Amino acid sequence: MNAPAPSAALRPAGADALLKRSKLAGLLRRHTQCEVLFDAASRARYATDASIYQIEPVGVAVPTSDADLVMALAIARDLSVPVLPRGGGTSQCGQTVGECLVLDASKHLNRVLNFDAEARRVTVEPGMVLDHLNAYLKPHGLWFPVDVSTSAQATLGGMAGNNSCGSRSIAYGNMVHNVAAIDAILADGSEEHFGPFGADATRKVSPRLGRMVSDLFSLGAREKGEIERVWPRVLRRVGGYNLDVFHPVSERPYTADNSVNLAHLLVGSEGTLALTRRITLDLSPLPRAKALGVVNFPTFYQAMDAAQHIVKLGPVAVELVDRTMIDLARANPAFRPVIDRALIGTPAAILLVEFAGADRGEQLSRLKQLVELMSDHGLPGSVVEMPDEGAQKALWEVRKAGLNIMMSMKGDGKPVSFIEDCAVPLEHLADYTARLTEVFHRHGTEGTWYAHASVGTLHVRPILDMRRSGNAGGAAKMRAIAQEASAMVREYKGAYSGEHGDGLCRGEWIEWQFGPRLNNAFREIKALFDPDNRMNPGKIIDPPRMDDASLFRFKPGHAVAPVSTALDWSGFDVTRNPLTGIETAPGTGHDPAQGLAKAVDMCNNNGHCRKFDAGTMCPSYRATRDEQHLTRGRANTLRQAMSGQLGQDGEGGIASRAVHEALKLCVSCKGCKRECPTGVDMAKMKIEHLHHYNRKHGLTLKDRLIANLPRYAPAASTFGWALNLRDTIPGLALLSEKLLGFSARRSLPRWTRPFRKMGSDTISEKMGSDPISVNDAKSVILWVDTFNNYFEPDNLTAAKAVLEAAGYKVAVSVPPGERPLCCGRTYLATGQVDTARAEARRTLEYLLPLIDKGAVVVGLEPSCLFSLRDEFLAMNLGAGAARLALEAFTFEEFIAREVDAGRFAARFNALPQERVLLHGHCHQKAFDAVAPIHKVLGLIPQLKVETIESSCCGMAGAFGYEREHYDVSMKMAELSLLPAVRAAGDDTLIVADGTSCRHQIHDGAAREALHVARVLAAALER
């Protein structure tokens, strides 16, 4: 349709481009306090958002203040470089990628500037994240109700740029209905206030703005008839510019009295008109009562047809979850129990119907009306009633992760955003979805469906392979499907762009939707604000074709360099039939990197890792707020390095220094393994990278000391007293920092007499050389890990005492006359996969015969124990590794299982302390193994357990001991862990199962944290 507008600033010859980039970077560094990121890897990390597009920016500036924003724009203007404002980078349509200077407001420009609770109004900087704002407002009984699914990542500036909507727009409207004013910087550098106009104006309009407003009003008056004729009437319409502010025709007015608010013209403009400095928002009271009904439907059509009837009950939300999303959610261990509670049988689709208000009785009454309504429509017993807000919240979290869950499909085909925003009147919704499904099938694919049934906007995404070109490729199918879908939207008098904006995938459809006359009016608006086309060019005005493959993430000629992987990634190397959902066998997907590239590509840039509110992921980002130190940023760096897109900075592919820099603050917490909805396992990817990197660059002395600790520990422990002098004799700590890199500000673990010495009778005298009897249901192999054995043996002693008191026969994982078995964790942490594999084989050789006789393995150190359940499965060790994984438990998991089975015989007395403050190890969180700790501590009478809502403690094995990482380690700990420990009284027990966690608490809060085993042992009935 429209051709992209050429820009001289973007297309200079190579040498000139480099010179301009260098000059721009230099001026930004000299005249601003911005973080200036112009290296190839940084530009690559900002080249993508959550869309299918990838455009390398000129550079990235991260303003630290409002003044930086003004100056950066001025410098860019003087050099004729276009600018692109960016928040969380979660756009699905390509709004936040472009060949511009990217201005990232999310790191520093994120404050609340003014708050008036009585007036229900707040003013924020554009980088403020929605969830952070609502956390600030909650104590005042208020919230900002445009509740987008990316609320933990989406910034208010980005939401205003997109005119975001959210699940509850039927009750609260879109972003534009909740914005009171915007303070912005225009392209010429003038700073203007956009708000109510005329009699409602709160500020005098400047002469510059006055002239612009006069022209805008004239333009609106001129196009009044055309607006009346073609403007979509549906609530969900976010395409083009909001020219209808001058003559509202939508079903929900912009203002209560149809007066003009100039800020509403900027909302939805995608950064093409002005740079936002601050936004003033209207707030709503928090609903005091909520009730949720989950309606299960035998067919998808019935669900769509029912929406028009359900909305008459006055719900605040009616959200769809289709069968594909249900199945994918059930495949995620974090989501499965939640989604299962919402299901009756195997429905084809479910609708989440929420009622909310001030009176709980009224909401419960409406829930009963929903049950009656569905019975009247032939579906008795189809509603799962959820009056409890805890269950409601858990289910909404699954729904909010909808797109990301959809993107967890393996194989090259993924759900693609381009018609996901089409909005049609509710009475046509069922027919529209049925006809669109037929379109998908004609093109050999299926669609995934979810989202806002209440307002006729369904985020449908056909599964397409955007790597594939030609008539059967993703781009060709995308255009063909878009043309058929648009015809239906027009037939049903809907809107083609209903929530996520235009960007690169729908920009060319603006003229189709509004016609050439209004499209020219949009062009006039752009010229009034930005006559030189320097504000996010190529969006809304003169956009490229949606299927311009040169703008895709997987451009023509995209190829991955072959990699001989150390770990097994074959499970990702599959193809998937989009119609049947059937995947081919592992290793059949033709990935030159043996599945690693496809594992990396599971990251769709949704930004779910940019969260702070709960969970573990991503601790390094929480501490730094840098895109580089984010799961998404690391995945982007890996993807582009492995496909040769980083130039000299990416030399060496997976072993490149660019990848190494991106991964150096990854603490291998495995938070992403559980919490990333698409299953990106960056901890495992780091192991793979270090394997290749250290083969190329070699290991440092520090790395060798860390890795080989399990092998030299038996000998070192005999002169541990001398090693312990490091922290007692002045100067030795500084010397160890200089020679080995261990921070002098950090104490080292203290050597002590080990729990079991090599060469001693490692099996209890009562047991002989073969400790396990055939089919002995009460035999336990206590995993003697290096850290507890040589530094904290009291934990092993306590665990053994508890297990024996409960009636178990306890052996230890130390073969007679040999050093203890090893999980290989220290070798994996330094990329020595081959050595770790040798240790794993030795472990399997000893343990499997005992497991076959009925024994189970019980470990105290989470990082070691979960290596048996995780990394062992990725080292090509055969079926024995899977067998061991099934019989390996943390101390608490084992006891909780045995309690449930009625086999645990130990009894406990009350302790002097009545409160426990618990910090879960990252790997316990990743494997959902924190709940058993609560259950086990609950065996002690009168003991109350509270969990610290914390991410990683910051130690992460050797990470926190290292000089270069000490500061960020402490910053991670200070986010929540250490303040919570310091606030605890002396009568509170601090419990942490991780060796490094306990060390961090000791060093950072001067408190002794205990392993659960010691707490139980202290409470044993004697």
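Two strands pair if DSSP finds at least two bridges between them. Strands here are DSSP runs (E, at least two residues) and helices are runs too (H or I, at least four), numbered from the N terminus.

This is a predicted model, where local features need pLDDT of at least 70, side-chain atom pairs count only at pLDDT 80 or more, and totals for chains, interfaces and linings use all residues. Residues are numbered from 1 along each chain as its sequence is written, and side-chain values use heavy atoms, with hydrogens and water left out.

**Exercise 1. Find the partners of β14 (residues 349-357) and place the strand in its sheet.**

Step 1: Start with β13 (residues 317-322), which is joined to β14 by 6 bridges, the two running antiparallel. In this pair, look for Val-321 opposite Ile-350.

Step 2: Now take β12 (residues 289-297), also antiparallel to β14, with 9 bridges. Here Gly-293 faces Val-353, and Leu-292 stands opposite Glu-354.

Step 3: The open sheet has 6 of them, β15-β12-β14-β13-β18-β19, with antiparallel pairing. β15 (383-386) and β19 (457-458) are the edges; each has a single partner strand, so one side of each lacks a neighbour in the sheet.

**Exercise 2. Are the residues of β14 buried or exposed, and which way do they point?**

Step 1: Set the cut-offs: buried is under 20% relative accessible area, exposed is over 50%, and partly exposed is in between (1.4 Å probe, protein chains only).

Step 2: Count. In β14, 9 of 9 residues are buried.

Step 3: Sort by direction. In a regular strand, side chains alternate between the two faces of the sheet. In β14, Ala-349, Leu-351, Val-353, Phe-355 and Gly-357 point one way, while Ile-350, Leu-352, Glu-354 and Ala-356 point the other.

**Exercise 3. Which elements give two or more residues to the nonpolar patch?**

Step 1: Know the rule. Patch residues have over 30% relative accessible area and no salt bridge; like charges are joined within 9 Å, and nonpolar side chains (Val, Leu, Ile, Met, Phe, Trp, Tyr) within 5 Å. A salt bridge puts a side-chain nitrogen of Lys or Arg within 4 Å of a carboxyl oxygen of Asp or Glu.

Step 2: List members. The patch covers about 760 Å² (Shrake-Rupley method, 1.4 Å probe), and its residues include Phe-719, Trp-721 and Ile-729.

Step 3: Assign them. The elements are α27 (720-723) and α28 (732-740), with α28 giving the most, 3 residues. Ile-729 sits in the loop between α27 and α28, and is partly exposed at 40% relative accessible area.
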